[in-house]
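Here are my notes on the model you sent over. I have kept them as numbered points so that you can follow along with the structure open.

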Amino acid sequence: MPRRATRRFLPRRTKHRILKGVIYVRASFRNTIVTVTDTRGQAVSWSSAGACGFKGTKRRSPFAAQTAAANVVHTLVNQGLLKEAEVMISGPGPGRETALRAIAKSGIHLSYVRDVTPMPHNGCRPPKRRRV
């Protein structure tokens, strides 16, 4: 019987150092999702209030948003991957400011902070009034 050649398992994705990245904070009424991408838009790391262990109405709290933001930034700073970042904040949720505060406190240099919440310029026509 022929011997099998042993293969080394290489990591699926090679970790490239990103010195400048983009941090997206999506704060909805129910959850807060924080995603870190490189400058081309490829996701490097993410975290959310639900992934941090908060369930139900605790997910929407500002403390849960702060924990999610600190969690994702802490992993990248410890690996030495992120030095400078731009922050894009989207959504009307209660965790917007606390997530931004947690990112600013982490020691990453923030080049700019932008609010990219989509605002309608009197967009869609509302449904007709209910007659009961």
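1. First, a term that I use throughout: a contact, or touch, means heavy atoms within 4.5 Å. Ala85 sits in strand 4 and counts as buried, at 0% relative accessibility. Here buried means under 20% relative accessible area, exposed means over 50%, and partly exposed lies in between (1.4 Å probe, protein chains only). Ala85 and Leu110 are 25 residues apart in sequence, yet their C-alpha atoms are 5.1 Å apart in space.

2. A word on the source. This is a predicted model, in which local features need pLDDT of at least 70 and side-chain atom pairs count only at pLDDT 80 or more, while totals for chains, interfaces and linings use all residues. Residues are numbered from 1 along each chain as its sequence is written, and side-chain values use heavy atoms, with hydrogens and water left out.

3. Now the overall layout. The protein chain has two helices and five strands, and along the sequence they follow the pattern β-β-β-α-β-α-β. Helices (H or I, at least four residues) and strands (E, at least two) are DSSP runs, numbered from the N terminus. Of the 132 residues of the protein chain, 33% count as buried. Among contacts with a separation of 6 or more, 62% join residues 24 or more positions apart.

4. How are the strands arranged? The five strands make an open sheet of order 3-2-1-4-5, with mixed pairing. Its edges are strand 3 and strand 5 (109-115), each of which pairs on one side only. Direction ignored, neighbouring strands of this sheet are turned by 15° against each other on average. Two strands are said to pair if DSSP finds at least two bridges between them.

5. Strand 1 shows both kinds of pairing. Strand 1 and strand 2 pair in the antiparallel sense over seven bridges, and the two form a hairpin with four residues between them. Strand 1 and strand 4 (residues 84-90) pair in the parallel sense, also over seven bridges. You can find both pairings at Arg26: its bridge partner in strand 2 is Ile33, and Arg26 stands opposite Ser90 in strand 4.

6. Ala64, Ala65, Ala68, Ala69, Val72, Val73 and Leu76 of helix 1 are buried. They lie on the same side of helix 1, because they cover an arc of only 155° around the axis (the arc is that of the directions from the helix axis to the C-beta atoms). The face turned away from this buried side carries the exposed residues Phe63, His74 and Asn78.

7. What do the buried residues of helix 1 pack against? Their partners are strand 1 (20-27), strand 2 (32-38), strand 3 (43-48) and helix 2 (96-105). Just after helix 1, Gly80 takes a positive phi of about 75°.

8. On to the core. A nonpolar core is a set of buried Ala, Val, Leu, Ile, Met, Phe, Trp, Tyr and Cys residues joined through side-chain atoms within 4.5 Å. The largest one has 20 residues, and those with the most contacts inside it are Ile23, Val25, Val34, Leu82 and Ile103. Strand 1, strand 2, helix 1, strand 4 and helix 2 each give two or more residues to this core, with helix 1 giving the most, six residues. Leaving out residues up to four places away in sequence, Ile103 touches Ile23, Val25, Ala69, Val73, Val87 and Leu110.

9. Asn122 has a positive phi of about 55° although it is not a glycine. Its relative accessible area is 76%, so Asn122 counts as exposed.

Terms used. Axes fitted to C-alpha atoms, helices over the stretch in contact; angles between N-to-C directions.
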